[in-house]
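Dear colleague,

Please find below the structure that I am handing over to you. A short account of the findings follows it.

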Amino acid sequence: MMFATTSLGGLVLIAAVASSFDLNNFDQLAAAKKSADKRIVIKNLVVPAGQKLDLTNLQDGTVIEFAGRVTFGYQEWDGTMIQVKGKNIKVVGKPGNLIDGEGHRWWDKKGGNGGKKKPRFMEVNLEDSLVTGLNIKNPPRHCFVANYCKNVRIEYVNIDIKDGDTKGAHNTDGFGVGGSQNVTVANCKVHNQDDCFCTGSGSDTVFENNECTGGHGISIGSMGNGQKVERVRVRNCKIIRNTNGIRIKSRKGETGLVRDVSFENIELKDISKFGIIIQANYLNGGPKGDPTPFPMENIVIKNVRGTVSRKGTNIQVWVAPGSAKNWQWNSSVTGGQREVACKGVPQGINIPCGKK
Ligand SMILES: *[C@@H]1O[C@H](CO)[C@@H](O)[C@H](O)[C@H]1NC(C)=O
Ligand SMILES: *[C@@H]1O[C@H](CO)[C@@H](O)[C@H](O)[C@H]1NC(C)=O
């Protein structure tokens, strides 16, 4: 903030003028973060290859505006391309902004499992903060994670990795939330090739009014390492042409907890593998044998509806006996012809498993 003072024949007018630090040269990053304006406008910035757009150590109350296009030099490395960390921060995408990873330079169908070393795209570690209006395109792999956040709202973020459908993108997870409390992701769109949304630890997470296209669905887990997920609300979402609709999964032989999770008013369309799957024997590459005990308590499935394609399965539950407690279930998922029996369903609830 800058104060402009004008003197008009003895009358003094004082007007607050919002001033900002325009960051369009990467060399000025450190100066931008120290600027007394506490408003950084990132405009048509080129981030050099192998370097992070390091927006950590921000002053409390900083506003970061993305305007124009931000691009990145190409290098194989396994860091994070953008990191934002601070308290009482606003990250705002102005109309027409585009953060363009140009991920096709790394895509080789292998994602994080080999091939070219691919950086992760964006990580935020925020408290009492807002992220709004970002347009993100074509990250090399995992797109946006909120780690160790508290009281953060992420809204109107558009993650567009449509190009990856035909150009070899893999593991392009949309949103991940971990180790956080009270994070809401709302009014966002994701078109990708892995989980649309995933959380594996933390509490009071909300994912609402979002649309997922092309990916692997909305997922809790895979759980393990003693991690706990408590109080997650997923509601009013559309999941279109994903491999799965909604999932809760824990890995075999692992400890942890999933408690107080609800999926409400979820519309599924053309899901290819599982409309709803809850499993405690997850292994990347396919479940192997009987699940081990893993508490999954107070799970609510309410008005989850829509279609699975012919070769898919509408609903599968496979958890160890006694692990599932206090579930409520109301779904209408149809179309999948591959029938699988459910195992470990809590007594007294009626899940339409094994139905076409
Ligand atoms: C949760 O975070 C939001 C900001 O996204 C904040 O407005 C709200 O007060 C927080 N809730 C609690 C209980 O702290
Ligand atoms: C399930 O949800 C549908 C649609 O919201 C509703 O009409 C129906 O009564 C519900 N069934 C039960 C058993 O709650």
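A polar side-chain atom of Asn 182 lies 2.4 Å from an oxygen atom of ligand 1, a polar contact being a pair of N or O atoms within 3.5 Å. The protein covers 36% of the 370 Å² of accessible area that ligand 1 has on its own (Shrake-Rupley method, 1.4 Å probe).

The model is predicted: local features need pLDDT of at least 70 and side-chain atom pairs count only at pLDDT 80 or more, whereas totals for chains, interfaces and linings use all residues. Residues are numbered from 1 along each chain as its sequence is written, chains are lettered from A and ligands numbered from 1 in the order in which they are written, and side-chain values use heavy atoms, with hydrogens and water left out.

Ligand 1 is surrounded by Asn 151, Val 152, Arg 153 and Asn 182 (a heavy atom within 4 Å). An N or O atom in the side chain of Asn 151 is 3.4 Å from an oxygen atom of the ligand, and a polar backbone atom of Arg 153 is 3.5 Å from an oxygen atom of ligand 1. Strand β15 (residues 150-155) gives the most to this shell, with 3 residues; strands are DSSP runs of E, at least two residues, numbered from the N terminus.

The largest nonpolar core has 86 residues, of which Val 84, Phe 175 and Phe 263 touch the most other members. Such a core is a set of buried Ala, Val, Leu, Ile, Met, Phe, Trp, Tyr and Cys residues joined through side-chain atoms within 4.5 Å, buried meaning under 20% relative accessible area (1.4 Å probe, protein chains only).

Yours sincerely

Terms used:
Buried means under 20% relative accessible area, exposed over 50%, partly exposed in between (1.4 Å probe, protein chains only). A polar contact is a pair of N or O atoms within 3.5 Å; within protein, one must be able to donate a hydrogen and the other to accept it, and residues adjacent in sequence count only if both atoms are side-chain atoms. Helices (H or I, at least four residues) and strands (E, at least two) are DSSP runs, numbered from the N terminus.
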